[in-house]
Amino acid sequence: MDLLQLQEYKDIFQVIEECRVNGKFINENSSDYKIKEAYNFIYQYKQDVKDYYSIIGYTLRSDTGFFYFIIDIYENIPKPYCNGYVDYIDIYRFLKLLNSDISSSDAGPYSASDMETRLNGDIELKTMIDKMSFLKKRSTNRESINSIITRLKSDGFAESIGNKEEEFLILRSFKFIEDIIEDVEYEL
């Protein structure tokens, strides 16, 4: 790919750049067609995109169904970046107890109402929710569920289905969390 072609793909590069700058994942199963288009572009021109971003000190990383960028000076994912996902140990365990099928390979859809119903009837799930430090200010089970879903969405691990805020899909980037949890459990 040459620089003239880059001009043709200006819109795609704007999406990729927005994801890079904001630390977002570029998911193959995103419901946002612009993200899907960016994923397909990177998939097709992976080496060219890697080369392009290496000039400014970023490495394009990939896993099954998603891409993300890290700064070259880090050997792996930066420690402060990982610290932001400490809450995901609790979230992951809660989601797995709630529904053992939740994973990056099974997108869903999932429903906040179904989650709340399960939470209302399960003491173990309620105990888990009560111990989550980032949920301390939530007074109802529904507020807690909504906070978890909002966190998943804002960090790029889930998306709403169309206009249905209550229903969501798990994105391929959730594998990032699955891998972190697996690494933590392996280290223990």
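## Crossing of helix 6 and helix 9

In this predicted model, helix 6 passes helix 9 in a left-handed crossing. Helix 6 covers residues 87–98 and helix 9 covers residues 141–154. Their axes come within 12 Å and cross at roughly 115°.

The residues that meet at this crossing can be listed by helix. From helix 6 they are Asp87, Tyr88, Ile91, Phe94 and Leu95. From helix 9 they are Ile145, Ile148, Arg151 and Leu152.

## Overall make-up of the chain

The chain contains 10 helices and six strands. It has 188 residues, of which 39% count as buried.

Among contacts in the chain with a separation of 6 or more, 58% come from residues 24 or more positions apart.

## Asn27 in strand 1

Asn27 lies in strand 1, which spans residues 26–27. Is Asn27 buried or exposed? Its relative accessibility is 2%, so Asn27 counts as buried, the cut-off for buried being under 20%.

Which residues does Asn27 touch, leaving aside those up to four places away in sequence? They are Ile35, Lys36, Tyr39, Gly65, Phe66, Gly156, Leu171, Arg172 and Ser173. With one of these, Arg172, there is a polar contact: the side chain of Asn27 reaches the backbone nitrogen of Arg172 at 3.3 Å.

## Phe176 in helix 10

Phe176 is part of helix 10, residues 174–187. Phe176 counts as buried because its relative accessibility is 6%, again under the 20% cut-off.

Phe176 can also be placed relative to Phe25. The two residues are 151 residues apart in sequence, while their C-alpha atoms are 9.6 Å apart in space.

## Aromatic rings

The structure holds 19 aromatic pairs. A pair of aromatic rings is described by the distance of the centres and the angle of the planes.

Ring pairs join several residues into a cluster. Its members are Tyr9, Phe13, Phe41, Tyr45, Tyr52, Tyr53 and Phe69.

An arginine also packs against a ring: the charged end of Arg20 sits over the ring of Tyr58. The distance from that charged end to the ring centre is 4.4 Å.

How values were computed: Residues are numbered from 1 along each chain as its sequence is written. This is a predicted model: local features need pLDDT of at least 70, side-chain atom pairs count only at pLDDT 80 or more; totals for chains, interfaces and linings use all residues. Side-chain values use heavy atoms; hydrogens and water are left out. Rings of Phe, Tyr and Trp (its six-membered ring) pair if their centres lie within 6.5 Å; planes under 30 degrees apart count as stacked, over 60 as edge-to-face and the rest as tilted. A charge sits over a ring if NZ of Lys or CZ of Arg is within 6 Å of the ring centre and within 35 degrees of the ring normal. Helices (H or I, at least four residues) and strands (E, at least two) are DSSP runs, numbered from the N terminus. Buried means under 20% relative accessible area, exposed over 50%, partly exposed in between (1.4 Å probe, protein chains only). A polar contact is a pair of N or O atoms within 3.5 Å; within protein, one must be able to donate a hydrogen and the other to accept it, and residues adjacent in sequence count only if both atoms are side-chain atoms. Contact means heavy atoms within 4.5 Å. Axes are lines fitted to C-alpha atoms, for helices over the stretch in contact, and angles run from 0 to 180 degrees between N-to-C directions. A crossing is left-handed if the near helix is turned anticlockwise from the far one by less than a right angle, and right-handed if clockwise.
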